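These are my notebook entries on a structure that I had not looked at before. I kept one topic to an entry and wrote down what I looked up.

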Amino acid sequence: MAMKQKMYDAILEILSREPSFFEARRQLQLKCPEILKSVNEKTLKSMQAQYYVRRMRRNHHHHYSRDTREKYYKLYKKAKLKNEKHVIVRLAYKNDISPCLLARIILEEYYWNDVAHDRERGEGRGTLPAGFMTDCIRDIAKLPNPDLAEEIYETIVLDNFYGPAIDSIKKTCGVEYELFLKAYCKRENMCFIDEDQMREEGYDKTPDIRLKIPVLIKNRVVNWIESKASFGDPINHQQYMTDQFLPYKNRFGPGAVIYWFGYVEELGDNEETDILLLHTFPTSSEIVHLRDVYKKEEESIEKLKLEVLEHNSNDNNSELFEKKQDKLLTYVDLFFDSDDEIGAKKLENINLDCT
């Protein structure tokens, strides 16, 4: 759905206060029950996840400072000496940080302090091999410390916004809706190539769908379509505009973006960008193909020809006849340029038929 900015702000005010979607949904039910009737669950989850990720990025420098990292690790080791369980998860909720992000910090500190303590380290993350931490978190069997491996696995299961499990879900969801988009395009007999084919042809910017023959959607020209399995909020949309949508427009012309979980309605009011925002694939009645326009023009010109022929046998309303004949003589075929040899011959034949 396309929701007003005012409604979006009201929903986000509640979602931003709660660490879990279950509790946020309960608060919405108590304070704004009408919202749950009009906004689906996927939209609400997407809105909460986007806000949470932005908040974690905003506070990233605080959690990853040298002093803070060492403090987290000392608290973790102190709790483990007492044989406590669920330490990382409890520390994460207490310090308002993603469990998976805190697990990564604890793991890095573990390697620097207990495994690679003789290596030189600098401020922040140090100089562990690229991708090393990510591999360890994705495959906890590689960790030499069973207790730490168990704690990290727990964060992967319980974290609603970060970690390898969430990354897999996001990727799968994105692929799923791209398949939906292709299926819809095929159903509407659109001629297109996908981003894999575009990469093979050497394009540096690749929307999900590039139409070989443009269409009109809601009376707007569309040359490409991008699928987003998320909610289109103002901050993310502006980033997408800079990184993706405007480069697509500069290369391929006007296009459309489908935010499958909805978007803020005011974002779609700016027609100057030549980018149409949608929350679902358009219906057949909202799509106009070039072949349909051509067919309509052909039918119109054939009708005019018949009327001109009828006039030859019935010399009535000569003024109306002259107007129709002028329209025939100035008709230009949509598929041919009048300077083209084939187009010129076709126009010549039409003129001959009118005499």
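Predicted model: local features only at pLDDT ≥ 70, side-chain atom pairs only at ≥ 80, totals over all residues.

**Entry 1, helix α10.** At 1.5 Å a residue its 13 residues should span 18 Å, and since I found the end C-alpha atoms 19 Å apart, the two values agree. At the start of the helix I noted that a side-chain oxygen of Asn-145 comes to within 3.1 Å of the backbone nitrogen of Asp-147. I then looked up which residues of α10 are buried, and the list reads Leu-148, Ala-149, Glu-151, Ile-152, Glu-154, Thr-155 and Ile-156. What do these buried residues pack against? I found five helices as their partners, namely α6 (66-81), α7 (87-94), α8 (99-115), α9 (132-138) and α11 (164-187).

I then went back to Tyr-162 and, leaving aside its neighbours within four places in sequence, listed its contacts as Tyr-52, Val-53, Met-56, Arg-57, Ser-98, Cys-100 and Leu-101.

I wanted to know where Arg-220 sits, and found it in strand β4, residues 220-228. Is this residue buried or exposed? Its relative accessibility is 16%, and because buried means under 20%, Arg-220 counts as buried.

Val-39 lies in the loop between α3 (33-38) and α4 (41-58), and at 3% relative accessibility I put it down as buried. Not counting residues up to four places away in sequence, Val-39 touches Met-1, Met-3, Met-7, Ile-11 and Leu-44.

I counted 13 aromatic pairs. In one of them, Tyr-8 and Phe-231 have ring centres 5.6 Å apart and planes at 10°, so I recorded the pair as stacked. This pair links distant parts of the chain, with Tyr-8 in helix α1 (residues 5-15) and Phe-231 in the loop between β4 and α13 (234-252), 223 residues apart. Both residues are buried, Tyr-8 with a relative accessible area of 4% and Phe-231 with 0%. Another pair, Tyr-177 and Phe-180, is edge-to-face, at 5.2 Å centre to centre and 90° between the planes. Both of these residues lie in helix α11, three residues apart, which is about one turn of the helix. Tyr-177 is buried at 9% relative accessible area, whereas Phe-180 is partly exposed at 35%. I noted too that ring pairs link Tyr-177, Phe-180, Tyr-184, Trp-260, Phe-261 and Phe-281 into a cluster. Apart from the ring pairs, I found the charged end of Lys-228 sitting over the ring of Tyr-240, 4.0 Å from its centre.

I then looked at α11 as a whole, and its 24 residues reach 35 Å from first C-alpha to last, close to the 34 Å expected at 1.5 Å a residue. Its buried residues are Pro-164, Ile-166, Cys-173, Gly-174, Tyr-177, Leu-181 and Cys-185. After the helix comes Asn-189, where I read a positive phi, near 60°.

Last, I looked up the totals, and the chain has 16 helices and eight strands. Of its 355 residues, 43% count as buried. Among the contacts with a separation of 6 or more, I found that 62% come from residues 24 or more positions apart.

How values were computed: Residues numbered from 1 in each chain as written. Heavy atoms only, no water. Helix = DSSP H or I, 4+ residues; strand = E, 2+ residues; numbered from the N terminus. Expected span 1.5 Å × (residues − 1). Buried < 20%, exposed > 50% of the residue type's maximum accessible area, 1.4 Å probe, protein only. Contact = heavy atoms within 4.5 Å. Polar contact = N/O pair within 3.5 Å; in protein donor to acceptor, adjacent residues only side chain to side chain. Phe/Tyr/Trp six-rings, centres within 6.5 Å; stacked < 30°, edge-to-face > 60°. Lys NZ or Arg CZ within 6 Å of the ring centre and 35° of its normal.
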